[in-house]
Amino acid sequence: MTNPNSRPSGSLRAGPDERGHFGQFGGRYVAETLMPLILELEREYRRAQADPAFQAEFDDLMKHYVGRPSPLYFAERLTDEIGGARIYLKRDELNHTGAHKVNNCIGQILLARRMGKTRIIAETGAGQHGVATATVCARFGLPCTIFMGAEDIRRQQPNVFRMKLLGAEIVSVTAGRGTLKDAMNEALRHWVARVEDTFYIIGTAAGPHPYPELVRDFQSVIGTEARAQILEREGRLPDALIACIGGGSNAIGLFHPFLDDRDVRIIGVEAAGRGLDGDEHAASLAGGKPGVLHGNKTFLLQDGDGQITEGHSISAGLDYPGIGPEHSWLHDIGRVDYMSATDEQALDAFQLLCRTEGIIPALEPAHAIHVVREVAAEMSRDQIIIANLCGRGDKDIFTVADALGVEI
Amino acid sequence: MTDRLSAAFARNRAALVAFVTAGDPSPAHTPAILDALVDAGADVIELGMPFTDPMADGPAIQAGSIRALNAGTTLKRTLRIAGDFRARHPKTPLILMGYLNPVLAYGSAFAADAAKAGVDGCILVDLPPEEHEEVGPAFRDAGLHFIRLATPTTNEARLPTVLNGASGFLYYVSVAGVTGTASAATTDVGDAVARIKAHSDLPVAVGFGIRTPRQAAAIARVADGVVVGSAIVDLIGENPDDPAPAVHAYVQSLSEAIRDAT
């Protein structure tokens with residue numbers, strides 16, 4: 001472990017290194033069959049980064065298809081209710097498809113097209129990334145196969161139907177416990193057999209290099225916009241940023257453009273499920289240790305024998321036993337504080353936002369809203385928090401009703 | 001370095017490399033299964049280290065890993081199984097195959113403990129040459145062979161990277177896919193083996209998708225070793241109470257086919 005006091009003095013935005021490492025984390029831990037493809041993806045990404053036409057097309061789609069920039073909204077009644085810092089919400093739930101996931105999918109499908117790939121695969125847990133992937137596949141006319149755990153298919157029928165409407169084929173994964181981790185295993189297995197024609201759109205800032213980097217870069221549109229918006233609105237940077245973390249793509253997208261603004265406190269919120277004391281949570285940093293899974297080294301929920309354990313969260317989108325490697329590094333060097341919210345706390349925060357702002361959030365950012373509530377209360381009215389509202393809650397109303405004991 | 005592996009590949013016929021998962025269906029069953037493999041003519045034993053997330057494996061080996069883990073198999077137990085095997089079979093090479101995370105979780109003593117248990121080498125499926133530093137030097141210091149994989153996607157330009165630091169033998173994965181599913185055309189395999197041999201003196205064993213004695217014999221004509229795994233693991237799954245006799249009969253049929261082929 002790096003000593004937090006030995007925080008790097010240079011830019012914190014320079015990573016990863018040329019081998020895809022953020023400190024000891026990240027890397028490329030994949031089977032040899034995938035290695036040449038991973039290396040080719042990196043070369044193509046470097047070419048795309050140097051190609052103004054690539055960025056121009058990405059920006060154009062962000063504006064006209066996704067609906068960016070998303071508003072930075074001053075949540076006045078939430079601020080009054082808590083009685084502390086001024087709270088701004090980055091409204092990525094207003095994106096086309098209702099979450100931040102589409103930012104990344106647009107970027108990756110443009111890469112897939114550059115590489116001449118003719119079909120797309122993806123994994124999904126709650127179905128948000130699956131819907132976003134199916135959406136961009138329909139938009140670009142590419143066939144799409146989504147791997148989804150059998151248990152998640154049962155829990156997320158509306159999203160399964162959405163994906164089918166968009167033309168995607170859904171593969172039900174029964175291996176393991178039939179959740180997100182197993183869907184990702186199965187997508188990787190399928191990819192190994194179809195490397196020639198298939199592009200894998202990974203949904204979070206994890207996986208083998210260069211995925212954590214490129215997903216972060218595509219999602220950084222969130223933080224880049226938020227930084228410009230708060231400067232315009234308040235004439236200064238915020239005092240704190242807060243975002244929820246499963247794999248951590250919405251969070252790294254908000255955080256990354258602020259990493260070198262050392263006066264901005266940055267807080268990531270993991271899912272504490274039924275509590276960090278037991279095994280039923282999905283807090284990889286709070287309850288896991290470094291290991292290797294799905295192509296990268298990062299904090300993982302695992303037992304003493306190195307076997308991966310299953311996460312639990314009321315939010316299917318946070319229910320993953322790992323976390324993006326850049327978060328592991330930011331945790332290690334102490335730049336980002338990682339806190340957590342339980343299922344119950346997230347449910348309370350979910351209802352608070354509904355009542356005070358007329359916004360039904362997804363259960364994922366409801367975890368962030370809980371921590372906003374705690375942190376804002378200890379700050380003064382002249383201080384500013386930006387929280388990422390990374391998804392809307394339509395998909396979660398059945399889960400919430402169930403948790404509140406309501407039949408609908 | 002121990003020379004059990006080179007001896008196994010020095011015969012005037014291809015070696016039969018047989019894979020089973022340690023602790024499948026339970027740790028108590030494994031010794032009898034390993035004895036059956038040796039008695040039936042396996043030249044090299046590949047002992048799988050079970051992992052919850054075997055991303056490069058098909059349904060057969062996934063199921064074997066789950067059976068082993070459900071029966072309480074740990075990496076410590078796997079090393080005990082290896083050590084006991086070494087005491088009974090001083091000459092048959094045994095290599096471990098699996099994924100990196102359990103090895104990392106075991107800690108820095110892994111390579112030395114494996115060597116002490118009489119293990120000859122190790123294959124880590126998700127440790128490409130690019131991340132070799134993770135455990136490679138420790139393996140070398142302990143005198144363990146580090147066996148690398150080459151695949152149909154490993155092109156001419158990349159082969160030297162794969163071979164750099166490889167020892168024992170090279171495992172050619174004959175199909176782009178997971179274990180136990182498709183099988184490759186023999187002519188393609190022969191071409192690939194020849195391509196690798198132009199770069200290396202290491203013996204080349206070929207695996208993935210080899211199931212019948214006829215397939216084993218065909219591969220034996222073009223490679224230095226024939227790896228069979230999923231078919232054996234399937235038999236173990238089908239005979240959970242007493243898998244050894246079925247495994248013995250099947251492996252003997254492979255071994256005879258390989259001997260007749262060359």
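**A domain span and its setting**

Guide: Helices and strands here are DSSP runs (H or I of at least four residues for helices, E of at least two for strands), numbered from the N terminus. The model is predicted, so local features need pLDDT of at least 70 and side-chain atom pairs count only at pLDDT 80 or more, while totals for chains, interfaces and linings use all residues. Residues are numbered from 1 along each chain as its sequence is written, chains are lettered from A and ligands numbered from 1 in the order in which they are written, and side-chain values use heavy atoms, leaving out hydrogens and water.

The span itself comes from UniProt, where an unreviewed entry places the feature "domain: Tryptophan synthase beta chain-like PALP" at residues 67-391 of chain A. Such positions are given in the numbering used here, feature names are shortened, and annotations may be inferred rather than shown by experiment.

Leu293(A) belongs to strand β11, residues 289-293. Leu293(A) is buried, with a relative accessible area of 0%; buried means under 20%, exposed over 50% and partly exposed in between, for a 1.4 Å probe and protein chains only. Leaving aside residues up to four places away in sequence, Leu293(A) touches Leu300(A), Ile308(A) and Tyr320(A), as well as Phe51(B), Asp53(B) and Met55(B). A contact requires heavy atoms within 4.5 Å. Cys354(A), by comparison, is 61 residues from Leu293(A) in sequence and 37 Å from it in space, C-alpha to C-alpha.

The whole of chain A comprises 16 helices and 14 strands. Of its 408 residues, 65% count as buried. Among contacts in chain A between residues at least 6 apart in sequence, 74% join residues at least 24 apart. The C-alpha trace of chain A spans about 55 × 55 × 50 Å along its principal axes.

Of the 262 residues of chain B, 62% count as buried. Contacts in chain B with a separation of 6 or more are formed to 72% by residues 24 or more positions apart. Along the principal axes, the C-alpha atoms of chain B fill a box of roughly 45 × 40 × 30 Å.
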